[in-house]
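Let's take a walk through a protein together, one stop at a time. Have the sequence and the 3D view ready, and try to find each residue as it comes up.

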Amino acid sequence: QVQLGESGGGLVQAGGSLRLSCAASGGTFSGYAMGWFRQAPGREREFVAAISRDGLSPLYADSVKGRFTISRDNAKNTVYLQMNGVKPGDTAVYYCAAQFWSWTYEPNYWGQGTQVTVSS
């Protein structure tokens, strides 16, 4: 059983930056591909970014490509989402997710989420 805990959310002005972190415990972190999803009020949860077990081959949603960067530190059992040039449309609850071995958009585990609010 893998437990995921997000942190780093908050209120940020449009054009600003924020870094989300997700700490994992209870499993072999390097055995999981990791991802971020988000859910805005009244909308379905959507994919944001993912990263492979070795930290290579990141994937991004078109809406965040060029602005967000996903990375991981296997020594710290942590995955990050660096958010630059944020927009009001990025306002959502951001969820960390883990999928065993390789990423196929079907996570096995989810975090509780962290709120990100972008003011205009």
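In this predicted model, leave aside the residues up to four places away in sequence, and Ala 14 touches Val 86, Pro 88, Val 118, Ser 119 and Ser 120. You will find Ala 14 in the loop between strand S2 (10-13) and strand S3.

Now let's move to the inside. As a general rule, nonpolar side chains in soluble globular proteins tend to be buried together. Here, the largest nonpolar core has 36 residues, and those with the most contacts inside it are Leu 4, Met 34, Trp 36, Val 79, Leu 81 and Tyr 94. At least two core residues come from each of S3, S4, S5, strand S7 (68-73), strand S8 (78-83), strand S9 (92-100) and strand S11 (114-119).

The structure holds one cavity of 30 Å³ or more, and the largest cavity has a volume of about 50 Å³. Among the residues lining it are Val 2, Ala 24, Phe 29, Tyr 32, Met 34 and Ala 98. Strand S3 (18-25) and strand S4 (32-39) are the elements that give two or more residues to this lining. By type, the lining has six nonpolar residues, four polar ones and no charged ones.

Our next stop is the loop between strand S5 (46-51) and strand S6 (59-60), where Ser 52 sits. The Ser 52 side chain reaches the backbone oxygen of Leu 56 at 2.3 Å. Beyond its neighbours within four places in sequence, Ser 52 is in contact with Ala 33, Ser 57 and Arg 72.

Ser 57 lies in that loop between S5 and S6 too. Most residues other than glycine have a negative phi. Ser 57, however, has a positive phi of about 55°, and Tyr 105 has a positive phi of about 65°. Tyr 105 belongs to the loop between S9 and strand S10 (109-110). Ser 57 counts as exposed because its relative accessibility is 55%, while Tyr 105, at 44%, counts as partly exposed.

Definitions and conventions
Residues numbered from 1 in each chain as written. Predicted model: local features only at pLDDT ≥ 70, side-chain atom pairs only at ≥ 80, totals over all residues. Heavy atoms only, no water. 1 Å grid on protein atoms, 1.4 Å probe; cavity = no way out; pocket = protein on both sides within 12 Å on 5 of 7 lines; lining within 4 Å. Points joined across faces, edges and corners; volume = space filled by probe spheres on them. Helix = DSSP H or I, 4+ residues; strand = E, 2+ residues; numbered from the N terminus. Nonpolar A, V, L, I, M, F, W, Y, C, P; charged D, E, K, R; others polar. Polar contact = N/O pair within 3.5 Å; in protein donor to acceptor, adjacent residues only side chain to side chain. Contact = heavy atoms within 4.5 Å. Core = buried A, V, L, I, M, F, W, Y, C linked by side-chain atoms within 4.5 Å. Buried < 20%, exposed > 50% of the residue type's maximum accessible area, 1.4 Å probe, protein only.
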